[in-house]
Amino acid sequence: MGPKTTKVYETLHTRLASGEYAPGDKFPSERSLVEELGIGRTALRQVLARLVAEGALEVRGRSSYRVPGAVSVERPTGVEPWRIRGERNLYDNRWVKLQLWDVEPPGMKPFEHHVVRLHHVAITAVLDDQDRVLMMWRYRFVPQQFGWELPGGIVDAGEEPADTALREVVEETGWRPKSLEHVVTYQPMVGMVDSPHEIFVGHGAERVGAPTDLEEAGHIEWVPLADIPGLMARGELMGSGTLVALLHILANRRVQGATAAH
């Protein structure tokens, strides 16, 4: 994007981040934004497409955008949580904690359930202006296979996940993202493992040096997004964070393509 388009992107991004629009609000029409911001419709659509890809906007029909967050389904009522009667450690070190919890589901007898506590992590998909994503080809000894991964790592104590995301990209690849957007926080194995995963999408990057984390860094490459479905079919995308981030990006691109076709 050129300077004018970038400025419009930053203006709209700031409005959305500030809470000026509530979840579910309809975003101003393309016509009104063109008139207000003094930008051509083609350039504006580039900005809006980027905001959609980042999850800051949703497409609702032809040239209609809304702030995400509004849902039609209501939260169920009357469903009771499990009661946690106690917990004890079976094993604990700096990487993993294994516990045994005494739990009591509604209407059932108490029983003991294993719980594994791992670290809080942040993972980032960095995109460039050629529709490529920054990835690493690495060997993982637990499954004993090579595969493509996104950069990511442990959120240190007192560190913001966004700071972790930026730091890990630089350490593992030598590239620094120009912007970062939080996509989702999720648990990869919610039935037994506690390990919050923060997913970020970055846009643009500048080379700042060689990777400094030699243990983590493997072969680094800008992989075309068009290759992602094929890599997935070959089983070469490793880790739930990599899959969640890339599927989010592809889903948004599909929505944009469907909208443009109408």
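User: Let's start with a helix. How many residues does α3 have, and what distance does it reach from its first C-alpha to its last?

Analyst: Happy to begin there. In this predicted model, α3 covers residues 41–53, which makes 13 residues. From first C-alpha to last it reaches 18 Å, close to the 18 Å expected at 1.5 Å a residue. After the helix comes G55, and its phi is positive, near 85°.

User: Which residues of α3 are buried?

Analyst: The buried ones are A43, L44, V47, L48, R50, L51, V52 and A53. As a general idea, nonpolar side chains in soluble globular proteins tend to be buried together.

User: Then what does the largest nonpolar core look like here, and which members touch the most others?

Analyst: That core has 20 residues, and the members touching the most others are L12, L16, F27, L48, L51 and L57. Helices α1 (3–17), α2 (30–37) and α3 each supply at least two of its residues. The most comes from α3, with 6 residues.

User: Could we zoom in on one residue? What does L12 touch, leaving out residues up to four places away in sequence?

Analyst: With those left out, L12 touches F27, L33, L37, L44, V47, L48 and L51. There is also a second, separate core of 19 residues, and L127, V133, Y186 and L246 are among them.

User: Now for charged side chains. How many salt bridges does a search of the whole structure find?

Analyst: The search finds 18. One of them joins the side chains of R41 and E30, at 3.7 Å from N to O. This pair links distant parts of the chain, since R41 is in helix α3 and E30 in helix α2, 11 residues apart.

User: Is R41 buried or partly exposed, and why?

Analyst: R41 counts as partly exposed because its relative accessibility is 37%, and the buried label is kept for values under 20%. E30 has 3% relative accessibility, so E30 counts as buried.

User: Which strands hold R85 and E104?

Analyst: R85 lies in strand β3 (residues 83–92) and E104 in strand β4 (residues 97–104), so their pairing ties together parts that are 19 residues apart in sequence. Their side chains meet in a salt bridge at 3.2 Å, N to O. R85 is partly exposed at 44%, and E104 also counts as partly exposed, at 23%.

User: Which residues are linked in a network of salt bridges?

Analyst: The network links D156, E159, R167, E168 and E171. Within it, E159 forms a salt bridge with R167, their closest N and O atoms being 2.9 Å apart. R167 is partly exposed, with a relative accessible area of 23%.

Terms used: Residues numbered from 1 in each chain as written. Predicted model: local features only at pLDDT ≥ 70, side-chain atom pairs only at ≥ 80, totals over all residues. Heavy atoms only, no water. Helix = DSSP H or I, 4+ residues; strand = E, 2+ residues; numbered from the N terminus. Expected span 1.5 Å × (residues − 1). Buried < 20%, exposed > 50% of the residue type's maximum accessible area, 1.4 Å probe, protein only. Core = buried A, V, L, I, M, F, W, Y, C linked by side-chain atoms within 4.5 Å. Contact = heavy atoms within 4.5 Å. Salt bridge = Lys/Arg side-chain N within 4 Å of Asp/Glu carboxyl O.
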